[in-house]
Amino acid sequence: MTILVEKHAGYRQITLNRPDRLNALTAEMGAVLLAALGEAQADGDCRAILLTGAGRGFCAGQDLSQVGSDLGGLLDGYNAVIRKLRSLEMPVVCAVNGVAAGAGANLALACDIVLAATSASFIQAFAKIGLIPDVGGTWFLPRLVGAARARALAMLAEPLSAERAAAWGLIWQAVDDDKLLDEAHALTVLLAQGPTIGLALAKRALDAAETNTLDEQLNLERDLQGEAAHNPDYAEGVRAFLEKRPPVFTGKR
Ligand code: T3D
């Protein structure tokens, strides 16, 4: 199976599983990944996702042994995965266990919180084969690291170390290799016990902020906060604060 799904209490781990090809993507893998994300969303007990790769790489991007020159259909499939990751009503943690190249790098960047092993690297490999950063790369890169670094990353296709990626704000943290999975699980558990609906609304607001004016964003925050405040987790959060105890969020409406 090219995509593995493990169910844990409150969350699912999804693993890209073609380790002999550094988890290079195929159209079939994209479709199975999309389905796995949809199933996680439909599972009322799943409140977070951990995405990682099997073996020594995270994902080497498109499997270059399986491409022609008509890339539109293929990209439509991968783009559906990116849209799904951004619209999932739960946090998605990505544990980048090794090299993340091309579409593999941008798949990681579409997740909410990205941890990477210190030995991992991010490569916008596209320029090496005459393509442009896709799967959201031209959108994520300038927003995360600024125009100057985005352009150099896109045009030079040089590997960016996990530590530099963290220093530049491309990802959340670089973590010692042997601690990556433990830390990623701990973070996912923490998020899975969080106020799921509030976190989903925060995701929505942050994405909308990319194109909204301040005025539009203030209005959106007011509306989404109204939704969050009608959620039982808000009442529980306030009650727990006043009672000086940790909150027990249910993530339910
Ligand atoms: O169709 C479309 O819409 C196009 C979409 C494009 C989106 C993209 O993702 S374009 C970018 C595609 N990816 C790349 O260009 C990266 C290609 N890979 C590499 O540059 C290197 O493999 C890495 C820098 C990622 C890692 O290097 P290294 O030295 O650690 O490993 P390696 O020896 O190159 O790779 C290990 C094996 O995986 C090797 O196979 P072998 O020799 O052991 O039989 C290698 O051929 C295979 N592999 C790595 N990447 C890919 C791949 N096989 C197919 N496709 C790959 N992308």
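**View 1. A search of the whole structure finds one aromatic pair.** Rings of Phe, Tyr and Trp (its six-membered ring) pair if their centres lie within 6.5 Å; planes under 30 degrees apart are stacked, over 60 edge-to-face, and the rest tilted. The structure is a predicted model, in which local features need pLDDT of at least 70 and side-chain atom pairs pLDDT 80 or more, while totals for chains, interfaces and linings use all residues. Residues are numbered from 1 along each chain as its sequence is written, and side-chain values use heavy atoms, without hydrogens and water.

**View 2. W139 and F140 form an edge-to-face aromatic pair.** The ring centres are 5.5 Å apart, with 90° between the planes. W139 is partly exposed, at 32% relative accessible area, whereas F140 is buried at 5% (buried is under 20%, exposed over 50%, partly exposed in between; 1.4 Å probe, protein chains only).

**View 3. The largest pocket holds about 590 Å³ of space.** A pocket is an open set of points on a 1 Å grid over the protein atoms alone, where a 1.4 Å probe fits, with protein on both sides within 12 Å along at least five of seven lines; lining residues have an atom within 4 Å of a point. Of the 22 lining residues, R86, C111, D112, I113 and L206 are closest to the centre. By class, 15 are nonpolar, one is polar and six are charged.

**View 4. The largest pocket lies between two domains, because domain 1 (3-192) and domain 2 (196-242) both give residues to its lining.** β7 (113-117), α4 (137-145) and α8 (196-209) each supply at least two lining residues. The most come from α8, with five.

Note on methods: Points joined across faces, edges and corners; volume = space filled by probe spheres on them. Helix = DSSP H or I, 4+ residues; strand = E, 2+ residues; numbered from the N terminus. Nonpolar A, V, L, I, M, F, W, Y, C, P; charged D, E, K, R; others polar. Domains from an automatic or database assignment.
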